[in-house]
Amino acid sequence: MSKQLIRDLDELTRRNVISTETAVAITKYYDEKRQGDSGRLTLILGILGALLLGSGIILILAHNWDDLSKTTRTIIAFIPLLGGQTLSLYSLMRQKGNRGWIESTAIVLFFGVAATISLLAQIYQISGGLPSFLLTWIFLSLPIVYIMPSSVVSLLVLVLATWYVILTGYDYSAADKYPGASLYRYLLIVLALVPHYFTLLRSRGRNAFHWHNWVFACSALIVLGSFVPSSYGNEILPWIAYMSLGGIFYMAGKHALLKDEHLFLNPFRLLALPTMVGILIFWTFPSPWDRISTPARFSDLMGFPFSYLVILLFGAYLFLLVRPMIKNRRSTNDPVSLSSLLFAVCTVTLMNLSNVAMLVFNFWVLVIGIVYLRRGIEKDHLGILNLGLLVIAALVIVRFFDTGISFLWRGLFFILTGAGFFVFNLMIIKNRKKKIQTVDR
Amino acid sequence: MKKFVLLAFIVMAVAQWTVPLTMLWSRTTVLKKGTKIKLRTGPVDPADIFKGRYIYLSFPGENISLKTVKEYENGQEVFATFDTISNGYSKINTISSRPPANSQVYLKVKVVYASKGPAGRTSLKVDYPFDQYYMEESKAPKAERIYRDSAAFADKTYALVSIYRGESVLEGVYVNGIRIEELLP
């Protein structure tokens, strides 16, 4: 606890602003908080130390590698695995309550598994692709998440799964021999991590909970596109999938566990808005409409696992959208939550009337911007206000490149938007100053 | 510590040992029981030479033309047997979709593309499972330079591979009969 705070507490107690008991309670609170902070610091330093130690050992071995016999190299190859398992077992038996020990040793074991397999592959010239190595690493590491248990390893497994899907899913030169193979494996891995995620929700790990939300949200956005087969006959469904995912994220961000968190602790909400607004703005241009070929037949599309994923995502989004409306018996006035539905309906029904659809999307993005602007003014929140202005500005900026609109109109839009930034921000700041002055009087 | 957790840890540890030990066992079996063949390697692609630890190998023998009525699909795993030709080098003799019943000297390869040609012949490009040769970081670029500068050795560079029941172990890359590591200054 800082000296300034101690002095302030003494003064407040002397002046009878707070009682002695309250001062003691405040002191106790800050002392406990500091211990928690130093515990976290120990944990982070322990994890970093484990990573550096592991990397250093590997580098030293690599330097002298060629001079060793094959047998010696083979024995050395098993040391990372043996060391990791020994340390992890020690943590489980003697350091059970010590998160620093548990997480550090779990990480050593995680990398030890990979180091052993990699070293053997080098010694015996085993070529095998990176994707199969990643998959083996993931499945050998999953038990670590639950046995230790380790949240850092859980995050690392999710990162590996994302990497695996990027390698296999975005390789369009690979034959679609097993369509959906990478999708099924990714979903299996994510499902395997769900129980751990729920223990984080229920128990102590708020930091780990937020980190998992961030990594999962980013992972889902990255991998979704990789599940689109190279021979897919429809160009709209992948976009509907992304809009649905954005919609699901937006609804998830409104959940009781997250809605009151700071925006940077709510990755679903933070990522949902740029995803959906970005897609809507992209589809205000003629080029995506021009590229849409005649969609494949429904029966052909149902031969791809990705089609089922689109249906699942859209269904989940609709469920999350409609459920609170039924529960509260009123419709929503939030245009962002309706964006995915609007996008799906317009792209499917207005495929041959793209000008109308583009107009609708332009209007919708403007509405989103104005709603946030208004909300910012009502709540006296600069962040929300500026977010609304940013959305409008984004729309104006892209229209700058729209040669269908004259220079005069584009110039006017720019001036209005720029002026809007100044005017609305000044308005809020002035209002705040007035409020402060009124309170002082 | 709860007994259940200890038991789960033991099971996990056993699984984590099983994978590398299986790799080791399968490789040493091939080295002990396998037949060594020499496969001519083509020029190494300098653009892909070294992303950290290995050199890429390409094999002209991966392009073959066979008299066969069978159709092969891209990405299909097939089994190749080998014939020894001039200078002790080997080349693919037959391709089949199942392991040969009367031989243990065959290699599992992947069809990259297949196209039907005239007179019932099929042109195939296959991928050997050993296109990367691991070398110590600083050595591989030097090895590649030696190879490129020694144009006379262009047709005397080969990979020595042990094959056994579909599996293989790349034992070394040789330039004019000398291991490539020994050519380095």
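User: Which exposed residues sit on the face of helix 3 of chain A turned away from its buried side?
Analyst: That face carries A:Thr71 and A:Ile75. Exposed means over 50% relative accessible area, buried under 20%, and partly exposed in between, with a 1.4 Å probe and protein chains only. Helices are DSSP runs of H or I with at least four residues, strands are E runs of at least two, and both are numbered from the N terminus.

User: What kind of model is it, and how is it numbered?
Analyst: This is a predicted model, where local features need pLDDT of at least 70, side-chain atom pairs count only at pLDDT 80 or more, and totals for chains, interfaces and linings use all residues. Residues are numbered from 1 along each chain as its sequence is written, chains are lettered from A and ligands numbered from 1 in the order in which they are written, and side-chain values use heavy atoms, leaving out hydrogens and water.

User: Back to helix 3 of chain A: which residues are buried?
Analyst: In that helix, residues 70-77, the buried ones are A:Arg73, A:Thr74, A:Ile76 and A:Ala77. Seen down the axis they fall within an arc of 165°, so they line one face of the helix. The arc is taken from the directions from the helix axis to the C-beta atoms.

User: Now A:Thr162, buried or exposed?
Analyst: A:Thr162 is buried, at a relative accessible area of 8%. Its place is in helix 7 of chain A, residues 151-169.

User: What does A:Thr162 touch?
Analyst: Leaving out residues up to four places away in sequence, A:Thr162 touches A:Tyr186, A:Ser219, A:Ile222 and A:Val223. Contact means heavy atoms within 4.5 Å.

User: Switching to chain B. How many helices and strands there?
Analyst: Chain B has 2 helices and 11 strands. Buried residues make up 41% of its 185 residues.

User: What's the strand order in the open sheet of 4 strands?
Analyst: The order is 1-9-10-11 in chain B, with antiparallel pairing. The edges are strand 1 (35-40) and strand 11 (178-179), each pairing on one side only. Two strands pair if DSSP finds at least two bridges between them.

User: How many bridges join strand 9 to strand 10 of chain B?
Analyst: There are 8 bridges between strand 9 (residues 157-164) and strand 10 (residues 167-175). B:Leu160 stands opposite B:Gly172 in strand 10 of chain B.

User: And which strands does helix 1 of chain B lie across?
Analyst: Helix 1 (residues 3-33) lies across strand 1, strand 9 and strand 10 of chain B, at about 65° to strand 10. Axes are lines fitted to C-alpha atoms, for helices over the stretch in contact, with angles from 0 to 180 degrees between N-to-C directions.
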